[in-house]
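I opened the notebook to record what I looked up in this structure, one entry per topic.

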Amino acid sequence: MDSFITEKIKQLKDSIITNRRDFHMYPEFGWTEFRTSAIAIAKMKKLGYKITMGKDAVSKSDMMGVPSELELKEHQERAISQGADKELVDSMEGITGFWADMVFSEHGPFVALRFDLDSNDGNECQDADTHRPAKEGFSSVNKGAMHACGHDGHVSIGLAVAEVIAGLKTKLNGRIRFIFQPAEEGLRGAAPMIAAGACDGVDYILGMHIGFQAGKSGDLICGAKGFLASTKWDVNFFGKSAHAGASPEEGENALLAAAVATINLHAISRHGGGTTRINVGKIIAGEGRNVIAPNALLQMETRGLTTELDAYMVEQSRRVIKASAEMYGCTYTIDVVGGTKSGESSQEIIDIVYETAKDIPFYKNIEKLKDFGAGEDFAHMMSYVQLNGGLGTYLQSGIDKTAGHHNNKFDFKEEDLLPPVELLSKAVVHLLKK
Ligand SMILES: [Zn+2]
């Protein structure tokens, strides 16, 4: 089977790169991945996978930070104009993301692999002299969206693994599920997929990222611990407008409430129990120069090494926001728009990835387990599977890249997408072979 996999991946090389460039050119940020989903669904169907999509795959009431209906409609139309199948897009009923199953035998283990679909917000560098996607004509054509994290590569890897595994179906038992998750950025997509049953009954789950802590070609980190738990909030302050010159005393200053809150959120005493983070990343407030600001929006996030440490930051934040609002006679609302839990990879499956990678010549620098030190929506899925008696890991496969993740010049060596296809395929075969 190993030689089949190696040979198959050689054949798939061009399509892996072509697919990555296609997804790169048409990036779609969280909850708007209509084109990406439609293209991937069509390919998975063709390979013989059974698709679960729309509200069957993503629980609508658990979706957070969703763009307006109008915006979603515009993105659906754009997706169709950019080559997505109209019937498929229509049947999503406004919800992106899906999973694709193949059953090899009634009994046997259930393996799930998760790949994220979304791009980042932001505009890609369009300088042909310094940025290869611009030079070679596959840089983003969608304003305000760019694949600056490598999820274009992830979707491409997922499709390739699916093709390898479909080619081995007579030699496997159990079942496999490919989870193509929307809205990983902002940590919003995993929870509603879990709520819809994406991880029910799963014995083994693997998630992956290219690059990140695996800084260069040849690096591999088989497992992660110390995912930071995180909570994302939109906080709205409501005050009262008044003439800033004639009668400022009649106003209730929401801008000042937000400003005082921001300074003091960043000043929350840190917890001795471990790493915590807080950031207010955006404030929008006020209506005009001579008007006491009647409204303010503050977008913030907290993080903690454990779910408990994040909960500490959340509780303290709530107190600061309440007190800041009261200082200026304002009211406020808090909307949770995203978040995830902490987690740690299972040793048994780390070992399987490690042993598999040792036989792949590309991987020269293999580490078993590393502190992740950031949030990842996959932690939700992994801890769900573990809580239900299964095992999971999150691996990072090295790439040579041109800039850091989330930079507008992010690009990478595309040949580095092949080894993770081989690694994941072989790990799946190890878990499912007859
Ligand atoms: Zn990412």
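**Strand S3 and its partners**

I began with a strand pairing, where Ala112 stands opposite Ile205 in S7. The model is a predicted one, and I kept that in mind for every entry below. I then looked up how the two strands run, and found that S3 and S7 pair in the parallel sense over four bridges. With S6, S3 is joined by seven bridges, and these strands also run parallel; in that pairing I noted Arg114, which stands opposite Ile179 in S6.

Next I asked how many residues of S3 are buried. I found that seven of the seven residues in S3 (residues 110-116) are buried. Checking the faces separately, I saw that both are covered, with Phe110, Ala112, Arg114 and Asp116 buried on one side, and Val111, Leu113 and Phe115 buried on the other.

I followed the chain into the loop between strand S6 (175-181) and helix H7 (190-195), where Ala183 lies.

**Helix H10**

I looked up the span of helix H10 (residues 347-358), which has twelve residues and reaches 16 Å from its first C-alpha to its last, close to the 16 Å expected at 1.5 Å a residue. I then listed the buried residues of H10, which are Ile349, Ile350, Ile352, Val353, Thr356 and Ala357. They lie on the same side of H10, because they cover an arc of only 160 degrees around the axis. I set beside this the general rule that an α-helix has 3.6 residues a turn, so residues three or four places apart point the same way.

On the other side of H10, I found Glu348 and Lys358 exposed.

**Nonpolar cores**

I turned to the largest nonpolar core, which has 120 residues, and in which Phe178 and Ala257 are those with the most contacts. This core draws at least three residues from each of domain 1 (2-227 + 342-432) and domain 2 (229-340). A second, separate core has six residues, among them Phe29, Ala145, Met146 and Ala148.

For Phe178 I looked up the contacts, leaving aside residues up to four places away in sequence, and found that Phe178 touches Met44, Tyr49, Trp99, Ala100, Leu113, Gly158 and Ala162. Leu113 is also one of the buried residues of S3 that I listed above.

**Domains**

My last entry concerns the division of the protein chain into domain 1 (2-227 + 342-432) and domain 2 (229-340). I noted that 34 Å separate the centres of domain 1 and domain 2, taken over C-alpha atoms. For the contact, I found that 13 residues come from domain 1 and twelve residues from domain 2.

Definitions and conventions:
Residues numbered from 1 in each chain as written. Predicted model: local features only at pLDDT ≥ 70, side-chain atom pairs only at ≥ 80, totals over all residues. Core = buried A, V, L, I, M, F, W, Y, C linked by C-beta atoms within 7 Å. Buried ≥ 20, exposed ≤ 12 C-beta atoms within 10 Å, placed from the backbone. Domains from an automatic or database assignment. Contact = placed C-beta atoms within 7 Å. Expected span 1.5 Å × (residues − 1). Arc of directions from axis to C-beta. Pairing = 2+ DSSP bridges.
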